[in-house]
Amino acid sequence: MTETTSPANASATQEAEIAAALGARSIVLVGMMGAGKSTIGRRLSARLGMPFLDADAEIEAAAGMSIPDIFESRGEPDFRDGEARVIARLLDSGSAVLATGGGALMRKETRDRIRTKAISIWLKADIDIIMRRVKRRSDRPLLQTADPAATIGRLIGEREPVYQQADLTVWSRDVPHEKIVDECIEALHGFLCGGRGKETHDRMGVTP
Ligand code: S3P
């Protein structure tokens, strides 16, 4: 009798291999607000059987107030200090999938910690998609400006060179979330287990 591997079995094997190769390291999702870090991160963690952590939610819990209130009452520099402290604590708390706020990676100490303790995935999104998504919510203090589209454009310009330093890049776009999760898993498997992760090949300039 010929043995066959169903797609579900193959993907379960890939997921188990990723979890084993990660060891004590975490997976950290980085990228602009609206890129889908929390949505994709939660689903990715479920697929990999790992805990999910959301840095913004943890910052709010630690401060006992919402992010807009932290910006309002303490200012952005204080928020950034708290953000760096919370991410350091979360990275020390064991292997997890961690969604970070869009500005977190701009701190060198946070970048260094992520590099040492995690595999990073940049969820990259076009400005049009970001704009469409951020318009649905009004809880992003950095976008309370006269021209939010110009603000987003400026932030993308400042941040993309830093996001590019992530280990992996996956395009976030308007397709079913599970497709983006599949692409994260494919990229992680390529990077950690020597599989054929598309973005890994792209980054290394190798034609698959
Ligand atoms: C910020 C992004 C937000 C939040 C804060 C600042 C940023 O998180 O941390 O409003 O600097 O881009 P999301 O990226 O989850 O929206």
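Buried means under 20% relative accessible area, exposed means over 50%, and partly exposed lies in between, with a 1.4 Å probe and protein chains only.

**Entry 1: the model**

I note that this is a predicted model, in which local features need pLDDT of at least 70 and side-chain atom pairs count only at pLDDT 80 or more, while totals for chains, interfaces and linings use all residues. Residues are numbered from 1 along each chain as its sequence is written, and side-chain values use heavy atoms, with hydrogens and water left out.

**Entry 2: the whole chain**

I looked up the secondary structure and found 10 helices and 5 strands. Helices (H or I, at least four residues) and strands (E, at least two) are DSSP runs, numbered from the N terminus.

I then turned to the overall dimensions. The C-alpha atoms fill a box of roughly 70 × 35 × 30 Å along the principal axes.

Of the 208 residues, 45% count as buried. I also looked up contacts (heavy atoms within 4.5 Å). Among those between residues at least 6 apart in sequence, 73% join residues at least 24 apart.

I examined helix α7, residues 127-134, where Ile129, Ile130, Met131, Arg133 and Val134 are buried. The cover over these buried residues of α7 includes α8 (148-163).

I next looked up Ser45, which is found in helix α2. Ser45 is buried, with a relative accessible area of 5%. Leaving aside residues up to four places away in sequence, Ser45 touches Met50, Pro51, Phe52 and Val97.

**Entry 3: salt bridges**

Side chains of opposite charge can pair when their charged atoms come close. I used this rule: a salt bridge is a side-chain nitrogen of Lys or Arg within 4 Å of a carboxyl oxygen of Asp or Glu. The count comes to 18 salt bridges.

I began with Glu178 and Arg47, whose side chains meet in a salt bridge at 2.9 Å, N to O. Glu178 lies in helix α9 (residues 177-193) and Arg47 in helix α2 (residues 37-48), so this pair ties together parts that are 131 residues apart in sequence. Glu178 is partly exposed at 36% relative accessible area, and Arg47 is partly exposed at 24%. Both belong to a network of salt bridges that links Glu15, Arg43, Arg47, Glu178 and Asp182.

I then looked within single helices. An α-helix has 3.6 residues a turn, so residues three or four places apart point the same way.

In helix α5 (residues 76-91), Arg80 and Glu76 are 4 residues apart, about one turn of the helix. Their side chains meet in a salt bridge of 2.9 Å, N to O. Arg80 counts as buried at 12% relative accessibility, whereas Glu76 counts as partly exposed at 31%.

In helix α6 (residues 108-117), Lys108 and Asp112 are likewise 4 residues apart, about one turn of the helix. Their side chains meet in a salt bridge of 2.6 Å, N to O. Is Lys108 buried or exposed? Lys108 counts as exposed, at 53% relative accessibility, and Asp112 counts as partly exposed, at 27%.
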